[in-house]
Amino acid sequence: MILEFSVKNFLSFKEKVTFSMIANSNKGLDDNYIEIDGNKVLKSAAIYGANASGKSNLFEILARVVSMLRSSNSFDINAKLPLIPFKFDKDSVNKPSEFEIKFILDETRYVYGFIADKDKIYDEYLYYYPNGRETKIFDRTNINEYSYTQKDEKILREIEDKNAQNKFFLATATNWNFDKTKAAYDFLTNGIEPCNDLRLLKNMAYKAYEANPDHLKDFAIDFLQKADFNIEDYQISKVEMPGELLANMPEFIADKLKSYQVLFKHKNSDNFLSMKEESLGTQMIFAFIPFLAAGLKNKKVLIIDELDKSLHPFLVQYIVEIFNDAEINKNGSQLIFNTHDTNLLDLNILRRDQIWFTEKNKETGESDLYPLSDFSVRKQENVEKGYLLGRYGAVPFIKNDFNLWEEE
């Protein structure tokens, strides 16, 4: 589970900001967190803010960390890293980006971080806390200066020679079977699942439905019925693309261009409707279901950009409540998402430490990040109303003096 992650000098974040999934000492909604080794770790969190305030940028750094680590071992030595500094400041634009994540696996805390730009990784480190004591696994400084514990030094000295200035040592060491980096690498590359491209999500979903029909079908039908979609069955099958579209394509591309046919059976009807005949909301939730099911079953951290896209507020609330439910989310999976759905700004649904805001300084273009718990908010307070009134910031201030038709 993620405890915290911080970012500095990346896209709209100039100064260091830290997002935390550690519950504070406030009481209430105890099912919304899980206790692990003395830590109360939140199961879900929502981020609010105006358009272009930095919500998606915060998730983008996590998506890029996952992607960079997954592909690090196959990087060409001249490949560029997809890191973009804050560009509205003449000093920041020439400085590297910084990232750090704290997480917990099997009751052991880890800290992983790095400082890098598009050309090279300057610093990188991994520490863990067996029995509560900080222990270094590796510490990389000045691009290629490494330090380790005396016990691990011999094997890691051999591995560092196989690394490069644009490759992550965490990935390299794991690739060469160093056991102490494996758990951290597996969590960062497989335990965190970003969803910031809904078009790709549909293809992934259809493949999942086809590959795992029994377990997933039970979950999907149960979800659709409880969410009042009136769907009691579905069929999915792979179909070939039209031959005329494939005729002029290379064979290795044509083999991958498969399409899926999805049919839905509604209650009180013997006819099946195609995907195109269903509402956009049905199409979206059907694409989300395998993502949610895998997250809950495999103890993952789901990072979703715009969870409320084409979904009714009550359905978004239902998804959040599933992750906060102690009977359903037994593995400690986490859901972190951004949204404009103010229906969730209710202290009977989310705790104050589960609600976060991003706000951009209109003078500097710099984004800030802060939780609702930074404000003195009473339990009975109408948080939704307060947010819409601008009490916590993070809302657009729209001028109403726009005039399209000027009088002649």
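Asn268 has its place in the loop between strand 13 (258-266) and strand 14 (272-274). The model is predicted, and local features need pLDDT of at least 70, side-chain atom pairs count only at pLDDT 80 or more, while totals for chains, interfaces and linings use all residues. Residues are numbered from 1 along each chain as its sequence is written, and side-chain values use heavy atoms, with hydrogens and water left out.

**Exercise 1. Helix 4 and Thr189**

Task: Check the span of helix 4, then describe the surroundings of Thr189.

Solution. 
- Step 1. The expected span of a helix is 1.5 Å times one less than its number of residues.
- Step 2. The buried residues of helix 4 are Thr181, Ala184, Tyr185, Phe187, Leu188, Thr189 and Gly191.
- Step 3. Thr189 is found in helix 4 (residues 179-191). Its relative accessible area is 2%, so Thr189 is buried.
- Step 4. A polar atom of the Thr189 side chain lies 2.6 Å from the backbone oxygen of Tyr185.
- Step 5. Contact means heavy atoms within 4.5 Å. Leaving out residues up to four places away in sequence, Thr189 touches Val66, Leu69 and Arg70.

**Exercise 2. Helix 10**

Task: Which residues of helix 10 are buried, and what do they pack against?

Solution. 
- Step 1. Helix 10 (residues 313-324) has twelve residues that should span 16 Å; the end C-alpha atoms are 17 Å apart, which agrees.
- Step 2. Leu315, Val316, Gln317, Ile319, Val320, Ile322, Phe323 and Asn324 are buried.
- Step 3. These buried residues pack against strand 5 (44-49), helix 6 (213-226), helix 9 (280-297), strand 15 (301-304) and strand 16 (334-338).

**Exercise 3. Rings**

Task: Count the aromatic pairs and classify the pair of Phe86 and Phe88.

Solution. 
- Step 1. Rings of Phe, Tyr and Trp (its six-membered ring) pair if their centres lie within 6.5 Å; planes under 30 degrees apart count as stacked, over 60 as edge-to-face and the rest as tilted. The count by this rule is 27 aromatic pairs.
- Step 2. Phe86 and Phe88 are 5.7 Å apart, centre to centre, with 75 degrees between the planes, and the pair is edge-to-face.
- Step 3. Phe86 is buried because its relative accessibility is 2%, whereas Phe88 is exposed at 64%.
- Step 4. One aromatic cluster is formed by Tyr48, Phe357, Tyr370, Phe375, Tyr387 and Tyr392.
- Step 5. A charge sits over a ring if NZ of Lys or CZ of Arg is within 6 Å of the ring centre and within 35 degrees of the ring normal. Arg109 lies over the face of Tyr129, 4.2 Å from the ring centre. The charged end of Lys217 sits over the ring of Tyr234, 4.9 Å from its centre.

**Exercise 4. Salt bridges**

Task: How many salt bridges are there, and where do Glu124 and Arg140 lie?

Solution. 
- Step 1. A salt bridge is a side-chain nitrogen of Lys or Arg within 4 Å of a carboxyl oxygen of Asp or Glu. The count is 18 salt bridges.
- Step 2. Glu124 and Arg140 form a salt bridge, with the closest N and O atoms 2.9 Å apart. Glu124 lies in strand 8 (residues 121-128) and Arg140 in strand 9 (residues 135-141), so the pair ties together parts that are 16 residues apart in sequence. Both Glu124 and Arg140 are buried.
- Step 3. A network of salt bridges links Arg70, Glu193 and Lys300.

Terms used:
Helix = DSSP H or I, 4+ residues; strand = E, 2+ residues; numbered from the N terminus. Buried < 20%, exposed > 50% of the residue type's maximum accessible area, 1.4 Å probe, protein only. Polar contact = N/O pair within 3.5 Å; in protein donor to acceptor, adjacent residues only side chain to side chain.
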